Structure formats: C-alpha cells, structure tokens
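Me: Could you go through this structure with me? I'd like to take the fold first and then whatever else comes up.

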Amino acid sequence: EYVNVGELFNYILNRFDMIIANDDKPEKYYTIKREIPKVQIWVELDTSKFTQVIDNIMNNAIKYSPDGGVVTARMIDNQKEVVLSITDQGLGIPKKDLGHIFDRFFRVDKARSRAQGGTGLGLAISKEIIERFGGQIWVESAEGQGSTFSISLPYEPYDPTDDEWDDGEWDD
Ligand code: ATP
Ligand code: MG
C-alpha cells in the first residue's frame, strides 16, 4: 500500500513518547528529538513490517543507551529516495563488529548484551524487510559515542488525491 512515510514515522515515534511519559524509572529517561520535515512522501510498503523495523531500531537505541540521552529521528528527502535515520548517544559498536551487526544471532559482546535480553535477530529481520521494499539499511557508529541507523527507501512521485493516478478505469 502507499503510505505517507513521514506521517507513519511520526506515528511510531509517538508511541515511544507515550512509553516515556508512563515510565517510572527516571534513570532510563531519554528524549526523542525529531527532524522530520512536513513533506508528503508516498512510499509503497507494508505498514506493519515497516513498523517492526522502526520499533527494533528504536528499542535498540534505548536498550543500548544505559544512561539515557537524546535519540534523534530524522527524515531527509533526497528526491527519488527518502532517508530515515535514528541516532543515539549510547554504547556504540566496536569497529570490528560493524560488518556483522546485521547477521542473524549476532550480538556485540555476549556478556554486555545478555543483560539487555534479545535474540540478535532484530536487525537481520529489519534488513530483509527493507531490502524487500527495494531499500537499504546501514549503520555508522563510534564505540562509546553512539550509533546512527539509516534506512533509504526509493519512491516515485505519487499523489493519492490526483485523478491522474487512477488505474486507467473510467468511473461513471
Ligand atoms: P532482538 O532485536 O532480537 O531483541 P538484539 O537487539 O540483541 O535482539 P539486534 O537488534 O539484531 O538484536 O542487534 C544486534 C546487536 O547489535 C545487539 O545485540 C547489540 O549488540 C548491537 N546493537 C544494535 N543496535 C545498537 C545500538 N543502537 N547501539 C549499540 N549496539 C547496538
Ligand atoms: Mg534489537
């Protein structure tokens, strides 16, 4: 289906804001900063699968930021593709592990990750989903400083209110 990707991104982030509002553990406080322009970009994707990807990246950003901090969600329109990114100020990922982060069951430093819980499947599944949409997912990270996960999605100009986009059938 065609979805307004900025609107969907905001909707998913709203749920994380609600979790923060209801959290009673102040040591886990983090704030979400949004840099999402109010542009209408329509991308053909599966809403629930896309939500699963953003949920995992957001959960990781929070889970691997033990001291809380700022999580920044950005959307950039590059014409023909839109890039969504999520930046945290958490543990970061060691250089030697960056090439494995999207592998099934891979977790940085088993001891470090064990306390957090999880299977190590989240990013492998995310990569499969995004590639099925024709997009790409990648990470930039510095150990001890934080990580940025980015997703690019191709799109064609589309306006659901424009009759030109009818499927060619005459309706009378
Ligand atoms: P699951 O998502 O299945 O619950 P998981 O979070 O461990 O488990 P992935 O989401 O695939 O699995 O992430 C793989 C590993 O990459 C994590 O275990 C963690 O070591 C590392 N990682 C992922 N995101 C971050 C991040 N934002 N900061 C630091 N390390 C990260
Ligand atoms: Mg995960």
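Reply: Before the elements are named, a definition: helices (H or I, at least four residues) and strands (E, at least two) are DSSP runs, numbered from the N terminus. This is a predicted model, in which local features need pLDDT of at least 70 and side-chain atom pairs count only at pLDDT 80 or more, while totals for chains, interfaces and linings use all residues. Residues are numbered from 1 along each chain as its sequence is written, and chains are lettered from A and ligands numbered from 1 in the order in which they are written.

Me: OK, where does Arg-104 sit?

Reply: Arg-104 is in the loop that lies between β5 and α3 (110-114).

Me: And is Arg-104 buried or exposed?

Reply: Arg-104 is exposed, because 12 other C-beta atoms lie within 10 Å; the cut-offs are 20 or more for buried, 12 or fewer for exposed and partly exposed in between, with C-beta atoms placed from the backbone.

Me: What does Arg-104 touch, then?

Reply: Leaving out residues up to four places away in sequence, Arg-104 touches Leu-121 and Ala-124, where contact is defined as C-beta atoms, placed from the backbone, within 7 Å. The C-alpha atoms of Arg-104 and Ala-124 are separated by 5.3 Å, although the two residues are 20 apart along the chain.

Me: Back to the whole chain, how many helices and strands are there?

Reply: The protein chain has four helices and seven strands, arranged along the sequence as β-α-β-β-α-β-β-α-α-β-β. Of its 172 residues, 24% count as buried.

Me: What's the strand order in the open sheet?

Reply: The open sheet of five strands is ordered β2-β4-β5-β7-β6, with mixed pairing, two strands being paired if DSSP finds at least two bridges between them. β2 and β6 (136-142) stand at the edges with a single partner strand each, so one side of each has no neighbour in the sheet. Neighbouring strands are turned by 15 degrees against each other on average, direction ignored, with axes fitted as lines to C-alpha atoms (for helices, over the stretch in contact) and angles running from 0 to 180 degrees between N-to-C directions.

Me: How many bridges join β5 to β7?

Reply: Eight bridges join β5 to β7, and these two strands run antiparallel; among the pairs, Asp-88 has Ser-147 of β7 as its bridge partner, and Glu-81 stands opposite Pro-154 in β7. β6 and β7 are also antiparallel, over seven bridges, and their hairpin has three residues between the strands, with Gly-144 at a positive phi near 85 degrees.

Me: Which strands does α2 lie across?

Reply: α2 lies across β2, β4, β5 and β7, at about 20 degrees to β5. Its buried residues include Phe-50, Val-53, Ile-54 and Ile-57, and among the elements covering the buried residues of α2 are α1 (5-21), β4 (69-77) and β7 (146-154).

Me: New topic: which residues are closest to ligand 1?

Reply: The closest are Arg-107, Val-108, Gly-118, Gly-122 and Leu-123, out of 22 residues that surround ligand 1, where near means a C-beta atom, placed from the backbone, within 6 Å. The elements giving two or more residues to this shell are α2 (47-63) and α4 (122-132).

Methods
Two residues are in contact if their C-beta atoms, placed from the backbone, lie within 7 Å.
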